[in-house]
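Good morning, and thank you for coming. Please look at the model now on the screen.

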Amino acid sequence: MSSNKLDKESKKRARKQMRAAHTVLRHAGISTVSHATQSLVIANGGLGNGVSRERLLDMLKGFGSVLSLLMPPNKPYAFVRYDSFEDAKMAFLTLNGCKLQAEGQPVTLYVNFVDKVDFKEHSTQSLPPGLLVVEDFVSLEYEQELLQLMALNTATQAAPKKSLKHRKVKHYGYEFCYDNNNVDLNAPLPGGLPIICDDVIDECMKNGYLKSKPDQLTINQYEPGQGIPPHIDTHSAFEDIVMDFKHPDGQNVSVLLPQRSLLVMKGESRYLWSHGITPRKSDVVPVINADAAQIVSSDLGNLTLNKRETRTSFTFRKVRQTPCNCVYPSVCDSQSAGKLNVPPSVPQSEVDASRLEQDFVHKVYEEIAGHFSSTRHSPWPKVVEFLKSLSSGALVVDIGCGNGKYLGVNKDLYMIGCDRSRNLVEICRERQFQAFVSDALSIPIRDGICDACISIAVIHHFSTKERRLAAIKELMRILKPGGKALIYVWALEQEYNNKKSKYLKENKAQLSQIDMKEAKHYELTSITCTHNMEDTSEDTAEEPFQAELTVHTNRTSFLSKDLLVPWHLKGISKNSRETDKPRVESDIEPQSSAVFHRYYHVFSKGELEELCTKIECVQILSSYYDQGNWCVIIGKLL
């Protein structure tokens, strides 16, 4: 190999080493040093890269005696301490640029010296209250019998209404609806629960795990690497897997569930904590007692990877016949924050605005994400036209991408999406789109690198003029000079140029009983107030001040600009046509129950353009009315 080529590779390796040093400093607050020490940080050699402790340790032992190996969970680096400076130096000289197989893919290691590794000790975690893991609940023989249920072609088994990617599903008793995590009480499946499950049920009741016999069973068989979106549900028996539990205050607990174990959720663990399985090829598990039920601790010297295989879960549920009245209303679908007892006020401060959006936008979309996504399939033609007009290879960001229906419109673009809803982003990822969780007011993208961006039905969810303006400024910040942005917001004028919008046209029947009941209930509380003015002349009169948010009656004209729009979570639409507005409420079955309310500010004619002109670098390229929305295409001036 020529000296020039060697020199080029050395420079490239040095750049990679420096980049790896910056990553460790940013993530862990640990600085690398230029002199030899006994400790090394190994970039690309972490659990987050799919490198197991056993594989890395075998390589490291080839250079001397290893005193400790620390592998932080989900991080792309590991720390090793050798018995001598000489051993560490030999590893440093040999491993830089060396390749290592990790989950079938080669990774290149980059090594730096560190003085010491100082990780804060985490307090000992405990299981969420009410959670119980029973190991070896079923025998090997009984496990095989249960698994036959998935293989059998049961004549009475109805085909699921919703096809599920990466897993096979069977339902007994009632079909479980993944769109809203519920069942249809009016459509029981014939046959009831399989007789073979009686032994499991009897054992659960004998030990007090169940108070009464369940009447619904869902069997899920997942492909390796697949997960379960975070949700709140009942109890299940799972194959060997790590399940993540999250408290609303942000506390996280990861629990290793061994094969053939039973997971019982009661009280707080069932009704307050969400649980889910993160999609990944391997789980981070303790080296010691890796087959025992336990919390995956923060002991960095005792963590490795366990490759996932096909797993099958049996979830037994007792169907509730009455609304839930648990003591956790913030996460209860019968008592959620998106449902109203008293209508909130129009925000008068930044704190009020943030709280309103958290309760009546962010929380609601997390709850309705699956159902919402099922109603969002068809891209709007003019948005497609904008995306197809962009140059091949352009970097485009969809801010508020929802389920990603615009991310795959033009295959010649490099499109990424972001959304405030973690559950909607998870749907994007399941559809193989690039997406991440982000607030539209603070997008983690560098200034001036995007060729274009779109914001479809997003900015109308911000509850003050200042926040709506800030959202547009954020779009401009990430655009290159000369870049373009397309913005859609819901229009106050649903009748324009003597034509009704599609939203109004779809109100073919009378208003649903639910909507009429809501309108009557809030008739006295949803009021518009004006300040008492002695001088009522045109020069001094103020704009009407809306004290409380009105609850809108779906498929009718808007009576105020700031309002709450009901979303009926339960119920199956008989109208398959698509719209990016709430579904036709007259087409929702009468038994619909869970109702969530989303905050909207509907824009009057010219209001969107007025906002855009307040930003110095913005040029309005075109504006138009489409699908009951006001729309603009704006450019960033050179």
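Helices here are DSSP runs of H or I with at least four residues, strands are runs of E with at least two, and both are numbered from the N terminus. The model is a predicted one, in which local features need pLDDT of at least 70 and side-chain atom pairs count only at pLDDT 80 or more, while totals for chains, interfaces and linings use all residues. Residues are numbered from 1 along each chain as its sequence is written, and side-chain values use heavy atoms, with hydrogens and water left out.

By that count, the chain holds 13 helices and 34 strands. Of its 638 residues, 49% are buried; buried means under 20% relative accessible area, exposed means over 50%, and partly exposed lies in between, with a 1.4 Å probe and protein chains only. A contact means heavy atoms within 4.5 Å. Among contacts between residues at least 6 apart in sequence, 69% join residues at least 24 apart.

Let me turn to two loop residues. Asp 136 sits in the loop between β8 (131-134) and α4. Its phi is positive, about 50°, although the residue is not a glycine. Most residues other than glycine have a negative phi. Asp 136 is exposed, because its relative accessible area is 56%.

Which residue has a positive phi of about 55° although it is not a glycine? That residue is Asn 497, found in the loop between β28 (495-496) and β29 (499-500). Asn 497 also counts as exposed, because its relative accessible area is 59%.

Next, helix α4 itself. Glu 145 lies in this helix and is partly exposed, because its relative accessible area is 41%. A negative surface patch is formed by Glu 141, Glu 145, Asp 198, Asp 199, Asp 202 and Glu 203. The elements giving two or more residues to this patch are α4 (140-151) and α5 (198-206). Helix α5 provides the largest share, four residues. Patch members have over 30% relative accessible area and no salt bridge, and like charges are joined within 9 Å. A salt bridge is a side-chain nitrogen of Lys or Arg within 4 Å of a carboxyl oxygen of Asp or Glu.

Finally, is His 362 buried or exposed? His 362 counts as buried, because its relative accessibility is 15%. This histidine is placed in helix α7 (residues 350-374). Leaving aside residues up to four places away in sequence, His 362 touches Glu 357, Arg 420 and Asp 439.

Note on methods
Patch = residues over 30% accessible without salt bridge, like charges linked within 9 Å, V, L, I, M, F, W, Y side chains within 5 Å. Areas by Shrake-Rupley, 256 points an atom, 1.4 Å probe, with all protein chains shown as cover. Lys, Arg positive; Asp, Glu negative; His and termini not counted. Charge placed at Lys NZ, Arg CZ, Asp CG, Glu CD.
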